[in-house]
Protein chains: 4
Amino acid sequence: MPVPDPVLYPPFNTIRLSHVELSVADIGASRRFYCDILGLQVTGESDDRVYFRGMEERGHHCLVLKGSPGPSADLIAFKTYDEEDLDRAERYFRDLGHRVDWPDRPFQGRTLATTDNHGVPIEFYHRMDRLPPIHQHYHLYRGVRPLRIDHFNMFSPNVDQSVAFYSNIGFRVTEYTEDEETGALWAAWIHRKGSVHDLAFTNGIGPRMHHIAFWVPTPMCIIDLLDLLASTGNIACIERGPGRHGISNALFLYVLDPDGHRIEFYCSDYQTVDPDHEPIRWDLKDPQRQTLWGAPAPRSWFEDGSAFTGIDARAPDLVAEPIIAHDR
Amino acid sequence: MPVPDPVLYPPFNTIRLSHVELSVADIGASRRFYCDILGLQVTGESDDRVYFRGMEERGHHCLVLKGSPGPSADLIAFKTYDEEDLDRAERYFRDLGHRVDWPDRPFQGRTLATTDNHGVPIEFYHRMDRLPPIHQHYHLYRGVRPLRIDHFNMFSPNVDQSVAFYSNIGFRVTEYTEDEETGALWAAWIHRKGSVHDLAFTNGIGPRMHHIAFWVPTPMCIIDLLDLLASTGNIACIERGPGRHGISNALFLYVLDPDGHRIEFYCSDYQTVDPDHEPIRWDLKDPQRQTLWGAPAPRSWFEDGSAFTGIDARAPDLVAEPIIAHDR
Amino acid sequence: MPVPDPVLYPPFNTIRLSHVELSVADIGASRRFYCDILGLQVTGESDDRVYFRGMEERGHHCLVLKGSPGPSADLIAFKTYDEEDLDRAERYFRDLGHRVDWPDRPFQGRTLATTDNHGVPIEFYHRMDRLPPIHQHYHLYRGVRPLRIDHFNMFSPNVDQSVAFYSNIGFRVTEYTEDEETGALWAAWIHRKGSVHDLAFTNGIGPRMHHIAFWVPTPMCIIDLLDLLASTGNIACIERGPGRHGISNALFLYVLDPDGHRIEFYCSDYQTVDPDHEPIRWDLKDPQRQTLWGAPAPRSWFEDGSAFTGIDARAPDLVAEPIIAHDR
Amino acid sequence: MPVPDPVLYPPFNTIRLSHVELSVADIGASRRFYCDILGLQVTGESDDRVYFRGMEERGHHCLVLKGSPGPSADLIAFKTYDEEDLDRAERYFRDLGHRVDWPDRPFQGRTLATTDNHGVPIEFYHRMDRLPPIHQHYHLYRGVRPLRIDHFNMFSPNVDQSVAFYSNIGFRVTEYTEDEETGALWAAWIHRKGSVHDLAFTNGIGPRMHHIAFWVPTPMCIIDLLDLLASTGNIACIERGPGRHGISNALFLYVLDPDGHRIEFYCSDYQTVDPDHEPIRWDLKDPQRQTLWGAPAPRSWFEDGSAFTGIDARAPDLVAEPIIAHDR
């Protein structure tokens with residue numbers, strides 16, 4: 001009997017990315033940055049954590065900040081289709097030999113904690129507290145008007161292996177960059193929720209978090225945020241953009257939070273719900289994959305990322321340098 | 001053994017709405033309207049049909065125009081997750097006692113034709129010819145820059161029955177308008193693809209097609225189309241808008257094609273992939289459900305629609321008048 | 001010796017419209033409306049007056065609200081090129097037989113008060129207190145982001161006479177609507193500052209203020225204001241729009257303040273500094289002059305206006321009804 | 001008797017900048033670039049010249065391209081208030097000892113040719129052929145939707161001297177960059193038409209043309225142009241942006257035409273008609289004056305410019321390097 005393709009018929013059903021927890025050195029400063037400047041809504045606070053959501057989100061949180069001695073990424077989390085998917089996932093990861101655990105997570109139902117192939121702490125849950133919508137409460141909209149979390153992007157020491165791991169649990173590739181000579185993956189964008197990605201991997205010292213992205217309604221919101229950052233003494237946090245990615249077609253801006261965690265604001269990608277949606281291949285040498293308009297990313301964008309708490313990053317297996325010039 | 005909820009565990013897996021076929025009296029005039037003014041791409045032509053797609057679509061067509069003595073809507077079609085879903089669907093509809101047929105459809109694989117509870121011709125397929133992307137070929141973008149088909153909206157003589165039929169095959173309600181006294185549904189928005197809707201039903205003489213909607217990138221595209229319609233002698237086709245719907249949060253514009261088929265341009269709705277996404281209830285008396293900004297729709301918008309070929313529309317079971325004033 | 005054309009070589013040099021004073025019944029409610037909702041900056045307050053400016057304005061005020069038993073328009077004011085222009089203006093109006101007066105106006109230098117041909121109280125000054133710029137202080141931008149006052153629009157009982165009066169002091173016509181049969185002016189747009197208008201006149205019971213307009217940066221600001229009005233319980237104040245005027249090409253929105261004074265938000269008109277700029281003639285029967293996209297204005301827009309304090313409005317000399325249908 | 005301030009009471013009345021003539025090596029390639037990509041309208045062609053205007057312009061041309069062996073800037077031109085201003089200007093420049101000439105210029109009336117203090121060929125005229133408006137003919141809008149010419153920017157070997165020359169004929173400073181230690185002007189923006197500038201000067205090897213700017217309606221037009229350049233193989237011509245200037249507040253994009261002439265697309269500056277409009281001083285060390293959002297300009301932007309035909313550029317008197325880092 002043929003084995004079903006795990007991309008199309010995965011062992012358990014993950015609906016979408018859900019949230020990330022970041023350790024930050026000064027939780028007050030970070031709260032001000034994410035709430036007062038960027039415009040996320042604070043939905044909960046405890047002794048050491050602050051919880052945030054975007055303007056259209058009903059789930060309790062898409063971002064958790066944790067006061068800590070120093071910055072790191074603590075975990076990324078996903079929502080499953082139903083409760084039974086959590087049990088299926090537990091069996092799946094146990095069979096794979098990964099650690100599995102059921103930590104208590106405030107504002108969430110049963111939560112399964114495990115790791116991906118490179119040791120990244122990943123969690124799955126089905127139920128989270130649901131909050132009343134604030135989606136059309138336009139008097140509450142501020143900053144960049146962040147509507148929802150869109151994706152995580154991570155440095156991977158072996159993108160082929162990362163893609164294989166997540167493909168086996170149902171993630172589908174929408175776009176990828178390939179090293180022409182070796183056929184090795186340089187980067188890949190993979191999704192569950194029907195947009196360009198829930199997750200992306202880029203070749204580099206890893207595993208590390210490269211950035212977390214929030215969906216914003218229009219390119220004008222990104223221009224508004226730039227103006228706001230400029231008039232509040234925050235231009236040093238602007239790392240890259242505005243620009244349009246060739247990959248994903250998204251209008252983007254990258255900023256660095258007070259701890260250097262990279263945040264992207266992102267709009268204008270496309271629908272990918274078709275199971276036969278053909279991935280788009282990009283050549284590593286094509287500068288338009290990164291910026292459709294040609295402007296190179298700064299060197300920091302290729303090098304800096306957030307370590308995962310307690311996980312040692314290692315050099316990538318693929319050592320070729322990106323061909324993109326970093327400056328003109 | 002408990003029966004699984006068909007909304008969450010449907011008998012076959014429909015991915016999304018796919019396309020519509022409209023009969024038009026003057027296929028040349030309609031081709032010019034959809035291609036030269038609105039900006040859809042012509043992907044195929046035969047003796048009596050023209051096929052179109054949006055700028056980000058890979059499938060061969062989302063709109064088929066058929067030259068005919070007079071205007072009508074011929075069929076609406078959906079894409080399934082895999083080929084086996086077509087066989088599951090055939091069994092399902094046969095068991096239900098609906099006619100089933102496997103017509104030849106150019107540019108598509110096996111196609112199952114049947115009807116919904118009110119006799120609307122609906123079709124399902126899994127495979128359609130895939131075309132090379134033109135998504136970032138910005139020199140080809142024109143008119144309103146239509147990216148993809150977004151939804152169908154139909155007059156239903158009994159919205160409760162329409163919603164029950166489509167819920168049984170997995171469609172989920174995201175928003176609805178309820179008659180407070182009777183609890184009867186006045187209108188409902190239901191989806192498979194993770195946005196506010198693939199399909200909507202409004203109480204009225206039906207079944208009839210109310211409108212077909214295309215997704216556009218930003219509100220500015222809608223302003224651009226209005227300006228283009230104004231400078232090409234086409235203002236008579238502007239029926240309603242621009243405005244923002246309370247329901248769906250979408251920025252909208254409604255135009256009438258040369259045969260009076262109603263077309264919506266639509267952007268800015270929200271993500272609904274969570275299986276526990278809570279439907280939003282609107283009061284029939286709340287004018288903001290129709291237009292968040294308060295402007296009433298014209299009377300034609302409540303009354304006019306496209307008949308389905310060979311299907312007699314009937315008066316709705318719910319006879320209460322909408323409370324909204326049509327003019328100030 | 002030929003008399004110089006007063007349009008090109010006026011008796012004194014008016015630079016631009018400057019400000020308006022409106023009487024309002026509840027100054028606290030009006031302050032909240034103009035400041036918290038619309039986003040104007042409060043620059044001064046006294047026992048009975050509140051002063052406002054737009055975000056790019058350096059002058060102390062463009063709008064003065066005065067607490068009064070009931071609503072009316074108190075005066076409109078203009079800035080001259082230099083101090084001597086005030087003396088030239090005094091001589092001009094005295095020779096014309098109009099009352100002239102030099103009232104004390106807080107935050108302004110010498111101010112000449114007189115009346116136009118229909119008795120409208122008009123004032124001229126050269127010096128006004130100048131405030132530090134807040135133009136790029138984007139963290140202060142709110143509401144519709146009003147940048148500056150753009151124009152006044154008035155009902156005139158005889159538009160030909162109004163245009164003659166203001167042409168004699170250097171205002172130039174940019175666009176006008178003419179009754180084809182009689183050649184009488186139905187409406188006219190006249191300017192000093194190099195945009196489509198500082199002043200406009202429409203045939204009607206007058207003199208009355210029809211509306212005051214503020215310039216906003218982009219059409220998206222108008223959409224943002226609509227959303228904000230919608231989510232703060234203010235949709236009843238939305239009278240007309242959004243739309244694009246044929247005349248002026250401006251994207252517009254009209255709202256009514258708590259006293260029914262009509263305020264326009266306006267962007268996208270054009271440069272008119274050429275002394276030989278040709279006025280554009282519109283036919284009274286052309287619906288696109290009012291709304292390029294064809295939607296008619298509501299009846300209130302043709303009928304309602306703000307009386308000038310102590311001035312009796314009279315029926316217009318031109319009695320023909322506008323041909324535009326008010327509703328569909 | 002006191003001498004009147006020439007800034008406020010100039011010897012002749014210049015209304016605005018009007019047009020530029022550029023020599024280009026391949027007039028066919030340049031015609032395609034300006035017309036098919038950027039969207040200017042071709043209004044005239046002769047053996048060796050092509051004439052263009054923007055979408056809201058009534059004058060015959062704002063840009064003249066001349067086929068030549070190699071690239072250079074031939075002349076910049078200004079429109080006067082009336083015919084007599086040309087005679088006043090002739091006397092003024094003759095008294096100043098500058099060459100004066102009355103060349104025949106197609107599509108223009110009497111045209112006075114002279115030079116500025118650094119030898120730049122400048123021309124003045126009052127009458128130019130006026131063309132029917134295409135302003136609201138939206139079906140003709142393409143590319144970046146250029147509405148009108150906005151300003152010229154030039155490298156000057158001595159900005160203080162350039163500003164003095166143009167101030168003497170009525171140009172007013174709106175913003176300037178000053179060297180804190182010496183008080184010397186590093187750059188200045190000067191206007192006649194009531195916006196931030198008709199002309200700007202930057203310290204550098206000069207006189208050379210730095211760039212020519214066209215006004216576009218909204219920031220979205222600039223994003224659209226970037227997308228169009230990206231999809232037509234033209235990203236190499238994108239030199240800087242999109243960004244917002246601190247100086248002028250304008251949203252900008254700089255591109256290089258096929259000969260390397262620099263073109264800016266520009267929107268969102270502000271009104272400066274007040275004769276007492278206070279110039280804004282910027283510190284040479286403030287990176288936000290160039291880009292409000294902090295991103296530095298590339299080195300080419302500081303160094304490259306178009307020579308004026310037959311004029312030798314010389315090193316600037318002010319030799320301090322700009323403090324801005326060119327890359328991160």
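Student: How many aromatic pairs does a search of the whole structure find, and how is such a pair described?

Tutor: A pair of aromatic rings is described by the distance of the centres and the angle of the planes. In this predicted model, a search over all chains finds 88 aromatic pairs. For A:F78 and A:F152 the ring centres are 6.2 Å apart and the planes stand at 85 degrees, so the pair is edge-to-face.

Student: Which parts of the chain does the pair of A:F78 and A:F152 link?

Tutor: The pair links distant parts of the chain, with A:F78 in strand 5 of chain A and A:F152 in strand 8 of chain A, 74 residues apart. A:F78 counts as buried at 0% relative accessibility, and A:F152 is buried with a relative accessible area of 0%. An aromatic cluster in chain A has both A:F78 and A:F152 among its members, together with others including A:Y92 and A:Y166.

Student: Which residues touch the most other members of the largest nonpolar core?

Tutor: In soluble globular proteins, nonpolar side chains tend to be buried together. Here the largest nonpolar core has 352 residues, and those touching the most other members are A:I76, A:Y166, B:I76, B:Y166, C:I76 and D:I76. Leaving aside neighbours within four places in sequence, D:I76 is in contact with residues including D:V120, D:F152, D:M154 and D:F308.

Conventions: Residues are numbered from 1 along each chain as its sequence is written. Chains are lettered from A and ligands numbered from 1 in the order in which they are written. This is a predicted model: local features need pLDDT of at least 70, side-chain atom pairs count only at pLDDT 80 or more; totals for chains, interfaces and linings use all residues. Side-chain values use heavy atoms; hydrogens and water are left out. A nonpolar core is a set of buried Ala, Val, Leu, Ile, Met, Phe, Trp, Tyr and Cys residues joined through side-chain atoms within 4.5 Å. Buried means under 20% relative accessible area, exposed over 50%, partly exposed in between (1.4 Å probe, protein chains only). Contact means heavy atoms within 4.5 Å. Rings of Phe, Tyr and Trp (its six-membered ring) pair if their centres lie within 6.5 Å; planes under 30 degrees apart count as stacked, over 60 as edge-to-face and the rest as tilted. Helices (H or I, at least four residues) and strands (E, at least two) are DSSP runs, numbered from the N terminus.
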